[in-house]
Structures are given as C-alpha cells and as structure tokens.
Amino acid sequence: MGNDDEQRPSGPPDYKVYRARRGFFSRFRKPDLSGLRERDWRAPKLPKLPGRPDRERGPRPARPGLRRALKWVGLAALGWILLSFLAFSVSAQLQAFKLSGEAKSALHGNPFLLPSAQTILVLGTDARPPDTKEPGAAPSQECFEQQAHGDSPHGNCSQGEFRADTLMLIRAGGGAFRKLSIPRDSYAEIPGQSPTKINAAYAFGGAKAQIEAVEDFLGIEVDHVAIVDFTGFEDLIDAVGGVTVDVPHKLCADIAGGAGGGQGGFTLRLGKGENTLDGEKALIYSRIREPSECPGPGKSAYTLGYDDFDREQAQQAVISGIKDRLTDPLRAPYNFAKGPIIGWDAPKAFVSDMGFFTMPQLILSAAIGGESKADVLCSGANADCPPGPEGSIEVPDSERRRAVKKLLG
C-alpha cells in the first residue's frame, strides 16, 4: 500500500457549485463564507487555438454619451408635443364655452367622433366687427357677438340682419371625411317663417334655426356645428404657413370698392393654377361673389362666368388646403416647430360645441379620411335646379337624395 501523500492530488479538488433556492430557516443563519475565500474564482484560461495570436483584453469602454443625449432630446420632443396638444385642447374648450345654449340643444352628436362618422355643419356669417370700415359691419359689439356665438337676435339687435354666408356639411369619423356645400340661395322651409332662401334661417333664429332648416331640407341629423370666426380663420391659415389652392381660371376681385376705395375693402389678383394664399387672401378668395375684369389678355372668371357654385368650391378648396397643411408629412418639421402656436390658433377659427375631447378627434379624422372630391348641390352634370321665388333656386328632391347618399357614404 502506497503512501497517502503520494495519492493525494496536488491542487484543490474540482467542485461543482449549484445555486438553490434559500430555505425559510436559512435566512436566520449566519452565512459561512470561509470556504469560498479559498476558492480561485478566476475564469479558467482557455487553451490557445493553433494559428491564432493572443489578444490582450482592453478596459471596458465607457458608456457613450450619445445615448443619454438622444434620451433627453426624445423627452424634450415629447414634452413639446404634449404642450401643443394641451394648447389645442384648452383653446377648443374656451371656444366651446362661447357657443349658444340654444344651438347646443339642437344637436344630436356624441363626443366620440373618431370611431363613428358624424355630420358637422360649418357656418359662416356675413356680419363684420363694428370697428371695420367694410359695409355690413355690426352696429355694436353686442350684436356682433350674438351672431358670432350663434344666438338668435335679441335686445337692440334687429332680427333678419345677419344671414349665413357659408353652409357646408362635413362627414367625419369612422375613416370618412367628405364635404357637401349647400348654396345659400336654396329655397327651403324656415322654422317659424315663410319659405325663403335657406341662409335666412340664421338671421331669424341664429344657429339653432339654421341647424333645423338644414335638417328639414336634407332629411338628416346634424351632430355638431362650427361657426367660422373670420379673425381666427386668418390666424389659423397664417399659423400653418398659408394654403395652396388650384384656381381653374385667373381671378380678380375688388370687394367693397377694393383696397384703395377707402371703405376697408380688399383687392385680389390670382393667376390660373396653384396659388399659395395667406390668411387674408384665403378669406377674400372664399368670399368672392362677383369677380372683376382682370387686366391683360386671356380668359378669366369674369368673362367665363362665376356664380355661387364656384364660390362654394373655392371655400371647400380652402378647407382642403388647411387640412393638407396639417397632415402633409413633408410639413411635419414645420408643424412640429410651431406646434403650440398652431394648437392655440386652430380652434379659434371656429365657435363650436366640439371641445377639448372631440375637436382633436376631428383633426385625426381629417388625416385618416383622405381627400374626397368637392360636392355642391346642383353642380352635377345631371342636376337641374331651376330658379325659385325671390331670386332663390329650387333644389329637386332627387338632387338632395343624391347628395345625402354621397355624403353619408
């Protein structure tokens, strides 16, 4: 039998270490680490591969600062977007507080616009602030605010003074975004009045009467309303950097005597094709009823004829231009940089029942719904709308049904 020292291995024995879940009583015992101190925990050196040189392991590189910088940039961008959204929501809610209670009572919509399509009536009136020199200015600030907020005329403000200058229906939500313009001279039933031009309903009963007149005229329900604020409308277009419209023929106009007439009028000169308009020019373009003769050779809207149907299409083009500016991916850096300004000015273009929760859904619906061809009553090739009483036009039931079917999809 050999010596025990000769059979004993020279180095420490190989151990297999297993990690197990600690028992309940083990947490009360003091751990014994004396055996662990004697163990060499260094990783075993791997055998050298033939033909491959040794590599010296350098120090671990420090964490790059770029990742930290990107993190803070992302947080700042997120904060800027939230600030823009907050400005938009607060501004929309302030505008909703201005809307007449009578008008709100006539609506049938709900706050959830994005998942389900609803019908919005966009109204523009012909009243002007009392401090303007343009004909048709309101006699007082009180009367101007009445029509701007959709109230029926009362107090010292005479009934029948301010009519609706623009009547447009927008079907938005549920993946849809379609528009239908109603000629303001359409002959229709007016609540509590004799039949006359449909835009007279606003002059007699404010936004409530106008909503009811449109509902009876087309046989639909109006879910939301938006009354155009001309000052806010200009500010919104300027905030998004103007709008681009495609003018079918060169167009010239001198409203209220033109810019040099001394009556606070405006002058507009547009060439055929695409034109980029600021807020003031876009508003003038939307309001033109009778164009002027353009200087120079070539046909113009004056020589070819210009009526309410052309005017309605011009208004839809401006609305589409605003939508394009807000949803164009190439405009994203500009819109992001001016986000809080756009967010604050956008709702101020309308006095509407759509507040902080519903108005953002309208913007998303416009982005999702795409662009549809402008539709105007009596503008189709097969539409025959004869003249009616008092300079109005008669819109046949068949044309109304066609337009409603296309609007509702």
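Are cysteine 252 and cysteine 294 buried or exposed? Cysteine 252 is buried, and cysteine 294 is buried as well. The model is a predicted one. A search of the whole structure turns up 3 disulfides. With the bonded cysteines of the chain numbered in sequence order, they pair as 1-2, 3-4, 5-6.

**Cysteine 143 and cysteine 157**

- A disulfide links cysteine 143 with cysteine 157, at an S to S distance of 2.0 Å.
- Cysteine 143 belongs to helix H5 (residues 141-149), while cysteine 157 sits in the loop between H5 and strand E2 (164-173), so the bond ties together parts that are 14 residues apart in sequence.
- The torsion about this S-S bond is about -100°, so the disulfide is left-handed.
- Cysteine 143 has a relative accessible area of 2% and is buried.
- Cysteine 157 has a relative accessible area of 9%, and because buried means under 20%, cysteine 157 counts as buried.

**Surroundings of helix H5**

- The buried residues in H5 are Cys143, Phe144, Gln146, Gln147, Ala148 and His149.
- The helices that the buried residues of H5 pack against are H3 (65-98) and H6 (200-218).
- The strands that these buried residues of H5 pack against are E1 (118-125), E6 (224-228) and E11 (350-352).
- Glycine 150 follows H5 and has a positive phi, near 85°.

**Cysteine 252 and cysteine 294**

- Cysteine 252 and cysteine 294 are joined by a disulfide, with S to S 2.1 Å.
- Cysteine 252 is in strand E8 (residues 251-255) and cysteine 294 is in the loop between helix H8 (279-287) and helix H9 (301-304), so the pair ties together parts that are 42 residues apart in sequence.
- The S-S torsion of cysteine 252 and cysteine 294 is about 120°, which means that the disulfide is right-handed.

**Cysteine 378 and cysteine 385**

- The sulfur atoms of cysteine 378 and cysteine 385 are 1.8 Å apart and form a disulfide.
- For cysteine 378 and cysteine 385 the torsion about the S-S bond is about -85°, so the disulfide is left-handed.
- Cysteine 378 is buried, its relative accessible area being 9%.
- Cysteine 385 has a relative accessible area of 19%, and because the cut-off for buried is under 20%, cysteine 385 is classed as buried.

Conventions. Residues are numbered from 1 along each chain as its sequence is written. This is a predicted model: local features need pLDDT of at least 70, side-chain atom pairs count only at pLDDT 80 or more; totals for chains, interfaces and linings use all residues. Side-chain values use heavy atoms; hydrogens and water are left out. A disulfide is a pair of cysteine sulfur atoms within 2.5 Å. Helices (H or I, at least four residues) and strands (E, at least two) are DSSP runs, numbered from the N terminus. Buried means under 20% relative accessible area, exposed over 50%, partly exposed in between (1.4 Å probe, protein chains only). Contact means heavy atoms within 4.5 Å.
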